[in-house]
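Subject: Handover of a structure

Dear colleague,

I am handing over the structure shown below, together with an account of what was found in it. Please read the notes with the model open beside them.

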Amino acid sequence: MLAHRTMTSKHLAGQMGISETQLSLFKSGKVRGVRLGTLAKMCAVLDCLPGDLLTYRFDPGDLQGDADD
């Protein structure tokens, strides 16, 4: 999405108010959870929908969690 918007990671992080390190973790998939507010900011800056940024890979552990997850 960054390339599609011709935007740098540095610019996106600055617009969102997060560190480049945190953004790098999101991009690498090393983050297991994202606050909805953070996702909303990212979508607002990139002018996209959450589905444009997220993918889901099945993990059997997802079925083990609390009902509140």
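Helices (H or I, at least four residues) and strands (E, at least two) are DSSP runs, numbered from the N terminus.

Please note that this is a predicted model, in which local features need pLDDT of at least 70 and side-chain atom pairs count only at pLDDT 80 or more, while totals for chains, interfaces and linings use all residues. Residues are numbered from 1 along each chain as its sequence is written, and side-chain values use heavy atoms, with hydrogens and water left out.

Overall picture

The protein contains 4 helices and 0 strands, and its elements follow the order α-α-α-α from the N terminus. Along the principal axes, the C-alpha atoms fill a box of roughly 40 × 20 × 20 Å. Of the 69 residues, 17% are buried; buried means under 20% relative accessible area, exposed over 50%, and partly exposed in between (1.4 Å probe, protein chains only).

Where contacts (heavy atoms within 4.5 Å) join residues at least 6 apart in sequence, 43% of them link residues at least 24 apart.

There are 8 positive and 8 negative side chains, and the centres of the two sets are 11 Å apart. Lys and Arg count as positive and Asp and Glu as negative, with His and the chain ends not counted. Each charge is placed at NZ of Lys, CZ of Arg, CG of Asp or CD of Glu.

Helix 1 and the segment before it

Thr 6 belongs to the segment before helix 1. Thr 6 is not a glycine, yet its phi is positive, about 45°. With 74% relative accessibility, Thr 6 counts as exposed.

Helix 1 covers residues 9-16, and its buried residues are Leu 12, Ala 13 and Met 16. These lie on the same side of helix 1, because they cover an arc of only 100° around the axis; the arc is that of the directions from the helix axis to the C-beta atoms. In general, an α-helix has 3.6 residues a turn, so residues three or four places apart point the same way. The face turned away from the buried side of helix 1 carries the exposed residues Lys 10 and Gly 14. The buried residues of helix 1 pack against helix 2 (20-28) and helix 3 (36-46).

Ser 9 is also in helix 1, and its 23% relative accessibility makes it partly exposed. Leaving aside residues up to four places away in sequence, Ser 9 touches Leu 2, Leu 23 and Lys 27. The C-alpha atoms of Ser 9 and Ser 19 are separated by 9.8 Å, and the two residues are 10 apart along the chain.

The buried residues of helix 3 are Thr 38, Leu 39, Met 42, Cys 43 and Leu 46. They cover an arc of only 135° around the axis, which puts them on the same side of helix 3. Leu 36 and Ala 44 are exposed on the other side of helix 3. The buried residues of helix 3 pack against helix 1, helix 2 and helix 4 (50-53).

Thr 38 counts as buried because its relative accessibility is 18%. Apart from residues up to four places away in sequence, Thr 38 touches Met 16 and Phe 26.

Asp 47 follows helix 3 and lies in the loop between helix 3 and helix 4. Although Asp 47 is not a glycine, it has a positive phi of about 55°. Asp 47 counts as exposed, at 62% relative accessibility.

Cysteines

How many disulfides does a search of the whole structure find? The search finds 0, where a disulfide is a pair of cysteine sulfur atoms within 2.5 Å. Cys 43 is in no disulfide, and the nearest cysteine sulfur, that of Cys 48, is 4.1 Å away, which is too far for a bond. Cys 43 counts as buried at 8% relative accessibility, and Cys 48 is buried with a relative accessible area of 11%.

With kind regards
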